[in-house]
Every structure is written in structure tokens, then in C-alpha cells.
Amino acid sequence: MLHPGIPELPELGELARHIPDRQEIAVLCADQVPELSGLPAVITPLVAAFFAKYLGIEPADVLAVARRYERFGFRVSEEAADVRLLDGDEGALGLRYQSMVRGLLAYPSIDLLRLVRLSASHGDPTVEFTARSMRETAERLRLRMADPAGGPLASVRAPSWWADLGPANEPVDGPLSTWSVLRALRGRPDPESVEKDVEAVEALASAGLVRDGAAEAVRTWWQTPAAERPEDLIDHERSLRFRDSGWQFSVAPDPTSDCVDLQFLMVLAADRRATIGETADAVLREAEPYGIEVALVPEEVRPLRPHLGVVDALYTPQKRKWKTEITRREIVTHARSFGTDLAAAVSELRPYELLGAPAVPVAPAARDIEAPSKSLDPAVRTSVEQLFRFHPLSQGTVTPLTLTITAVRMGLGLNATHQALAAYPELGLFADRIAPDNPAPDDDHAPDCLDVVLLTQHLTGSEPALAGDVTHEHIELAAEETELDVPEVRRRLAHYAPWFGFRVPAEDAARTADTEKEPM
């Protein structure tokens, strides 16, 4: 009732009375299946084989569960009850880490780049040899596989560092950038023959897997003394620490991009404990010999010195991009983590908008004036700031219904709740004035869950809220839904009318309506 984010159930049919057994739960929840939190929506032969192996059941059992619960969006791509994952298949497929399982299940094919990585991992004499040795496994597991025969890579022996070319868990749309190639080189020993290594990369470029300039970049890399090779530019594994907290995550950019973006520079600056300007200059010195561009940092943000808290508030490492928006949840979390008030948190985060970070909700309060929230009772301040982290206060503006829901959660009346929220002007909570000009004291009526139901057009506790003229039919339905009598429903609605702006019909009008309904 108070959280509309829960999705509607599909039409369940015979499943309405079905109780899932242990095997169904194990399949649906991906119990003991590496790196997965649930059964994928599309069940390919490989998905069925993986689940069957790790759960100790038959592939046909996995397919049966998917079909039984197809109303929830599961789909079997093809009949594959005979497909089984054998011992040694994970090694043959190059699944060196459990995270690679997720990628192969999501994209069940062995494209040319994956084949090149496998050839390097196996130490095979040629890429074509790898394809021949993999063919039986690929056909048995119903995997599409590229054929290098007759192409520029067929007779090439893949250098060992090719095992790290590109992302292992997702396909690449276009040739890998020079920057991606350099990241694969990091920490690798020098080759016996630089020229053979360069020729091999030229074959990659001819096959369309890397950009044309990659071969010369590799030559420059190997001809540069190891101590002088780029470090900040290619070390995308970051371990950020601040006080007692820390992360370790990847900030690898788009694998096809040859431009160091501002997000990368911000995270790197936090890791180096340097300003963004200093970091950009250091990366530019490393990137220039390889033809890699570095985004121009606006002068206003060059002095910024980001830290873990800033990165946490603005950036999503898993998606390698800025967050889509900064909600009050991020602002409250940031303020609490660093022992400051919300206005100060807004002031710290706002300058990063010039780097492309999402906009902070509103302009910060003047820093020479104490934040109004400081005058709140400490218990009220703690309560309301906790609620800023959750729906419906985490984002958007406060409506009369939002205010009522918040009052229920805080155990306060509307006036007291409104005053508590109004103490945070820096968060942009109110787009319009919602308090009546002369609100009646409401200390004797703290809203409850029934009020939230009464105040919504469809009696669901969710928007849209009541507006305009409230009909007698709505009042009767509300009484039936809440098991309150009609006079009590009318009394409650009359209390909220000044806040919501709706009009409750007079009792005389209600009696007239009832009389008109009576048969002649």
C-alpha cells in the first residue's frame, strides 16, 4: 500500500495454488550456480546444461521449471534436453573465472575475439588449430563459433597477452581501441621478438579486431623501457579507501574508445589522492606517444580533489558510467558518511556537474548561514533524514499524498511533518506550496494507513490522489474498503481537504443522492 514499486503479478492461472518445491526454488534462484542470482529469462541449451551440472539434476528438469513458470517471462530458446556440460568443458571454453560463466550464458557464442583469447590461453600453435579443437565442444553445447580458416589470423600463434584482450563477459561492438590493447599488455614480460608480436597485432587489425594504429602502439610499448611505460593510463583496477571504508573495482572504459574520459580521470584522481587537473596532466603525458586522446578538463574543476565518497555518490562502477540521477538517498548517504550536513554535501557534489555528473537537485544553501535543519529536534532530524533514503522522499517533489505517507512513517501530524521537511530547502522538496494558508492544528490527528487509502482515487494508497469534487460513491466505497463507517470517512476527508484541495460533498447533498437512487 505504501510502496507502489512492487510489480503486479502476471495472470497466474494454475500456478495460483502451486507451491514451489525445493528443485524449482533451486533452479529459479540459481542456488550454487556461479555468479548468477536467478534463472536467466532466456534458457538456452548452455544455460540448461550449466544449471543441470551445478544443481545435480537433468537438463530436462531445468527446461520443465522454465516452462512451468513461463508466465513470469522465462522462455526456452530451443529443445535441448540432451545437452550436457562435461568435465573439462569449462577449461576448454576458457572460463578461468566464475564471472566468465555469466558472460558466456548471456552471449552463447564463440566469436573471433573469444576464439583468439582461447587460443592465447591454451598456448595453441595457431588460431585455426584452436577452432578445430573446439568445434566438437561448440557443436555439442549448441554454441555458434567463428571460423578463422582462410583469414588473416588462421596461421597466427596468439601471444599469451591476447588472453586479456577486451572484456571477457560481453561482446564488443567494433574493433578494440589502442587503449584496450595497452591494458592487455600491462604486466606482461617482453616477447622474444618484438617484430613477430607487432606482425601478430597487424593480423588482428586485418581481421577487424583492433584499430589500425594498435600495431605501432605495441611496437612503441615494447621499445620503451619497462620503468617508463604508462601506469596510470592502463591500471584500471582501483582500490579506493577513505577512513575505514574501501572499494576495489574496475573503471575500464568503452573497449572501443581511444579517448580517456572525465569519469576515468575523476576515479583515478581519487585513487591518486590528487586534483583532477594534476591527474589529467599525468595521463596526457602517458597517452600522447600512443595517439590516445585525453578529455579536456574545464578550468573550474581542475582544483577539485575527489575522494571515495564523491565517487560513490556520482558513479556506478558496474556500468562504468555516471549515475543517471543524484537522489536524496545519495546526498543523505554522503552527508552521513562524512559527518556533515546535507547542505554541505550538496555543495561538495555540485561542482562535478561540469564533468558530466548528474545534476544535484537544487542549489546549495548559503554556507554562512546555519542549515535550518540544525534547529530540528534531533530525533525528528534523524527520522526524516532516514526517510530521505527511501521512496517516496528519495526523489521527486513532495505532494500532499507524499506528505501524508511521510507523516504516517514519522508518527507526526501534517503540520509537524511539513515543518520538518521545510527545514531542508537545499533538497528541493517542494515544487509548489502545499500547506494551506491557515492550516488547522493537527496535533490531535496523526495520519494512519487508512488515511492513505482514503486519499487516493483508486483506494490503493498510491497516486493519483483525490482531487476536485469527491463523490458520495467514493466515500461509500472507501468506507467498505477500510471498514470505517461513512461519517468517519467524511470526517477524515474533511480534515485533509485544505491540504489536498479537494471538496467533500455536504451531508445534505449525500442524502439527496441517496433519495434519488430509491425506486419510485
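# Salt bridges and a helix crossing

Arginine 503 has a relative accessibility of 47% and counts as partly exposed. The model is predicted. The count of salt bridges comes to 20. The points below cover some of these pairs and the crossing of helix α16 with helix α17.

**A pair between two loops**

- Arginine 503 pairs with aspartate 469 in a salt bridge, and the closest N and O atoms are 2.6 Å apart.
- Aspartate 469 sits in the loop between α19 (449-454) and α20 (472-482), and arginine 503 sits in the loop between α21 (486-500) and α22 (507-517), so the pair ties together parts 34 residues apart in sequence.
- Aspartate 469 has a relative accessible area of 55%, and because exposed means over 50%, this residue counts as exposed.
- Arginine 503, at 47%, falls in the partly exposed class, because that class runs between under 20% for buried and over 50% for exposed.

**A pair within helix α21**

- Arginine 492 and glutamate 488 form a salt bridge through their side chains, with an N to O distance of 2.9 Å.
- Both residues belong to helix α21, where arginine 492 and glutamate 488 are four residues apart, about one turn of the helix.
- Arginine 492 is buried, at 9% relative accessible area, whereas glutamate 488 is partly exposed, at 21%.
- The two residues also belong to a network of salt bridges that links Asp448, Asp451, Glu488, Arg491 and Arg492.

**A buried pair**

- Lysine 323 and glutamate 330 form a salt bridge in which the closest N and O atoms are 3.6 Å apart.
- This distance counts because the cut-off for a salt bridge is within 4 Å.
- Lysine 323 and glutamate 330 are both buried.

**Helices α16 and α17**

- Two packed helices are described by the angle between their axes and the distance between the axes.
- The axes of helix α16 (residues 378-387) and helix α17 (residues 400-410) cross at roughly 130 degrees and come within 11 Å.
- This angle makes α16 oblique to α17, because angles of 65 to 115 degrees count as roughly perpendicular and those over 145 as roughly antiparallel.
- The crossing of α16 past α17 is right-handed.
- On the α16 side, the contact is made by Val380, Ser383, Val384 and Leu387; on the α17 side, by Thr406, Arg409 and Met410.
- By class, the residues of this contact are four nonpolar, two polar and one charged.

Key: Residues numbered from 1 in each chain as written. Predicted model: local features only at pLDDT ≥ 70, side-chain atom pairs only at ≥ 80, totals over all residues. Heavy atoms only, no water. Buried < 20%, exposed > 50% of the residue type's maximum accessible area, 1.4 Å probe, protein only. Axes fitted to C-alpha atoms, helices over the stretch in contact; angles between N-to-C directions. Parallel < 35°, antiparallel > 145°, perpendicular 65-115°, else oblique. Left-handed = near helix turned anticlockwise from the far one by under 90°. Contact = heavy atoms within 4.5 Å. Nonpolar A, V, L, I, M, F, W, Y, C, P; charged D, E, K, R; others polar.
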